[in-house]
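Notebook open, viewer open. I want to go through this one piece by piece and jot down what I look up.

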Amino acid sequence: MPRALRLLLALFCCSLTAGKPEAWVLFPQPKFHAHKVSVPIAGSKQTVLSVARWTDIGPEFVSLDEWKAAEMDEKKVTASTRQMALVWLKEIKPQYVRNEQKIVEFALLKSDRVPVAATVLAPEFVKEFEGVFGPKMIVVMPNLYTVFVFPGIASNHNAYSDLILGAWHSDAPRVSREVFELTADGMKAIGIFDE
């Protein structure tokens, strides 16, 4: 390997490891993972928002000691989450699925690179989709890299249970089979897809 190429490769590797500080983010997670620092979601029995640092290899869930040592609190981690969620939301192009009458049935958000499930925590998420689905929408986050968005009124989300459960059983890290109502005021669990 030529010396110039080795030098360039070394500089590239250094830039990856010396990048910006890892962001603290709330990630929707299955409650059974029992992460040490989590926040409940209204009405949810199976899903929580767990605190992690976003790293080059994905979320690294924090211990209670790390949380205390960093002097973090819910307000700080929520602000950090909103910033990162907006960055990730801007990187995703939703796919709109229409029925035979050309009416949008749902939006599919999917990525191989960014944790799509965290994007629902961006305040801009509701604004992004309210023109299509209205100010109240139904959100399902079967895995970390997939989110389904349905209208809040006259939703047909149950018709897509096979698709949603297929995403739950994929190789991607699981999040939830629960169904959430999302508005500008927040998110609450309203149902679940049974297997």
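**Entry 1: methionine 141 and the cores**

I started at methionine 141, which touches Pro28, Ala117, Val120, Thr146, Val147, Val175, Ser176, Phe180 and Met187, leaving out residues up to four places away in sequence. A contact here means heavy atoms within 4.5 Å.

Before going on, a note on the ground rules: this is a predicted model, where local features need pLDDT of at least 70, side-chain atom pairs count only at pLDDT 80 or more, and totals for chains, interfaces and linings use all residues. Residues are numbered from 1 along each chain as its sequence is written, and side-chain values use heavy atoms, with hydrogens and water left out.

Which residues touch the most other members of the largest nonpolar core? I got Leu109, Val120, Phe125, Met137, Met141, Val147 and Val149, out of 48 residues in that core. By nonpolar core I mean a set of buried Ala, Val, Leu, Ile, Met, Phe, Trp, Tyr and Cys residues joined through side-chain atoms within 4.5 Å. There is a second, separate core of 12 residues, including Phe106, Tyr160, Ile164 and Phe193. In soluble globular proteins, nonpolar side chains tend to be buried together.

**Entry 2: whole-chain numbers**

I counted 5 helices and 10 strands in the chain. Both are DSSP runs numbered from the N terminus: helices are H or I with at least four residues, strands are E with at least two. Of the 195 residues, 45% count as buried. My cut-offs are under 20% relative accessible area for buried, over 50% for exposed, and partly exposed in between (1.4 Å probe, protein chains only).

The accessible surface comes to about 11,200 Å², and carbon and sulfur atoms own 55% of that. Areas are from the Shrake-Rupley method with a 1.4 Å probe; for residues, only the protein chains shown count as cover. Among contacts with a separation of 6 or more, 59% are between residues 24 or more positions apart.

**Entry 3: helix 5**

Which residues of helix 5 are buried? For this helix, residues 161–168, I noted Ile164, Leu165, Ala167 and Trp168. Down the helix axis these buried residues fall within an arc of 155°, so they line one face of helix 5. The arc is taken over the directions from the helix axis to the C-beta atoms. An α-helix has 3.6 residues a turn, so residues three or four places apart point the same way. The cover over the buried residues of helix 5 includes strand 7 (137–143) and strand 8 (146–151).

**Entry 4: strand 9 and its partners**

Strand 9 (residues 178–183) is mostly covered, with 5 of its 6 residues buried. It pairs with strand 7 in the antiparallel sense over 4 bridges, and I call two strands paired if DSSP finds at least two bridges between them.

Glutamate 178 has isoleucine 192 of strand 10 as its bridge partner. A hairpin through 2 residues joins strand 9 to strand 10.

**Entry 5: salt bridges**

How many salt bridges does the structure hold? My tally is 6, each one a side-chain nitrogen of Lys or Arg within 4 Å of a carboxyl oxygen of Asp or Glu.

Glutamate 181 forms one with lysine 136, the closest N and O atoms being 3.9 Å apart. That pair links distant parts of the chain, 45 residues apart: glutamate 181 sits in strand 9, lysine 136 in the loop between helix 4 and strand 7. Glutamate 181 is buried at 17% relative accessibility, while lysine 136 is partly exposed at 33%. Glutamate 181 also bridges to lysine 188, at 3.8 Å between the closest N and O atoms; lysine 188 is partly exposed at 38%.

Arginine 113 meets glutamate 91 at 3.2 Å, N to O. Arginine 113 is exposed at 58%, and glutamate 91 is partly exposed at 38%. I also logged a network of salt bridges linking Arg53, Glu60 and Glu66.

**Entry 6: positive phi**

Lysine 102 is not a glycine, yet has a positive phi of about 70°. I found lysine 102 in the loop between strand 5 (95–98) and strand 6 (104–110), exposed at 61% relative accessible area. Alanine 34 has a positive phi too, about 55°, and lies in the loop between strand 1 (23–30) and strand 2 (38–40).
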